[in-house]
Amino acid sequence: MSHFLNLASNSLVYIALYHFQAFPSPQISTNNNPKADTGLPAGWEVRHSNSKNLPYYFNEAQKQSRWEPPAGTDPDKLKTYMAEHHSAPEIRPEATGLNGNANAGKIRASHLLVKHKDSRRPSSWREVSLLAAQINYSLLIIYQANITRTKDEAMSLILGHEQRIRSGQSSLGQLAVSESDCSSARKMGDLGFFGKGDMQKEFEEAAFQLKPGEVSHVVETASGLHLIER
């Protein structure tokens, strides 16, 4: 059983109450194609949280579950797998119709978002703390705290990320998993296909100007600071 309570200052408390079940969710649907190459280490598989409507990673032998890909994951294989099996139904290949042009005029992009205290929603899945835990029926209260960094501090962070990407030390997708303040981090920043008018104007203009495989410089929107990869 899950409830969301909105508190002051745009904070969020997530309460999960269930009996002897592994976080993230007691309601799951498993990988529809277990033979597909996920790029995950041996023993790990992708599952889907029905309550959060997001994929997560599960190891049956270790009884471990996590939102972030485990160490040793091949990011390129995982990104391909996620695009094929865990994108929204309307962007999957089987949903393109007979003429195959359902995505005409659309592009696909990933991004890394760094928020600051003046962002439209100054909170992040990364800024969480466990407030309470109860044995037997496990009551978990996770507090999503407001971001306090300034815009200048956020700019310094994202410029560091950009330098790592351009120097080849990391890919945008790899960094997004741990550094992005957007929930798309769980999909390595993948936003799926979108058309004009679907995104904030500044983001859309920058994304549509990119060539496939190209990474943008820092793009500022009301949500925060972005790096975009097409």
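**View 1. Contacts of T221 in the predicted model.** Beyond its neighbours within four places in sequence, T221 touches Q200, E202, F203 and H226. The model shown is predicted. T221 belongs to strand β11. Its relative accessible area is 7%, so T221 is buried; the cut-off for that class is under 20%. One of the contacts, E202, sits 19 residues away from T221 in sequence. In space, the C-alpha atoms of T221 and E202 are 6.1 Å apart.

**View 2. The four-stranded open sheet.** The strand order is β10-β7-β12-β11, and the pairing is antiparallel. β10 (190-194) and β11 (219-221) take the edges. Each has a single partner strand, so one side of each has no neighbour in the sheet. On average, neighbouring strands are turned by 40° against each other, direction ignored.

**View 3. Pairing of β7 with β12.** Strand β7 (residues 107-114) runs antiparallel to strand β12 (residues 224-229), and five bridges join the pair. V114 stands opposite L225 of β12. Two helices pack on this sheet. α2 touches β7, β11 and β12. The direction of α2 makes about 15° with that of β12. α3 touches β7 and β12. The direction of α3 makes about 45° with that of β7.

**View 4. Helix α2 against helix α3.** Helix α2 (residues 151-166) packs on helix α3 (residues 172-179) at an angle of about 150°. The helix axes are 10 Å apart. The angle makes α2 roughly antiparallel to α3, because angles over 145 degrees fall in that class. The crossing of α2 with α3 is right-handed. From α2, the contact involves H161, R164 and I165. From α3, L172, L175 and E179 take part. By class, three residues of this contact are nonpolar, one is polar and two are charged.

**View 5. H116 in its loop.** H116 is found in the loop between β7 and β8 (123-132). Its relative accessibility is 5%, so H116 counts as buried. Neighbours within four places in sequence are left aside in the contacts that follow. H116 meets P122, I147, R149 and T150. K151 and A154 also touch H116, and both numbers fall within the span of helix α2 (residues 151-166). G224 and L225 complete the contacts of H116. L225 is also the residue that stands opposite V114.

Terms used. Residues numbered from 1 in each chain as written. Predicted model: local features only at pLDDT ≥ 70, side-chain atom pairs only at ≥ 80, totals over all residues. Heavy atoms only, no water. Axes fitted to C-alpha atoms, helices over the stretch in contact; angles between N-to-C directions. Parallel < 35°, antiparallel > 145°, perpendicular 65-115°, else oblique. Left-handed = near helix turned anticlockwise from the far one by under 90°. Contact = heavy atoms within 4.5 Å. Nonpolar A, V, L, I, M, F, W, Y, C, P; charged D, E, K, R; others polar. Pairing = 2+ DSSP bridges. Buried < 20%, exposed > 50% of the residue type's maximum accessible area, 1.4 Å probe, protein only.
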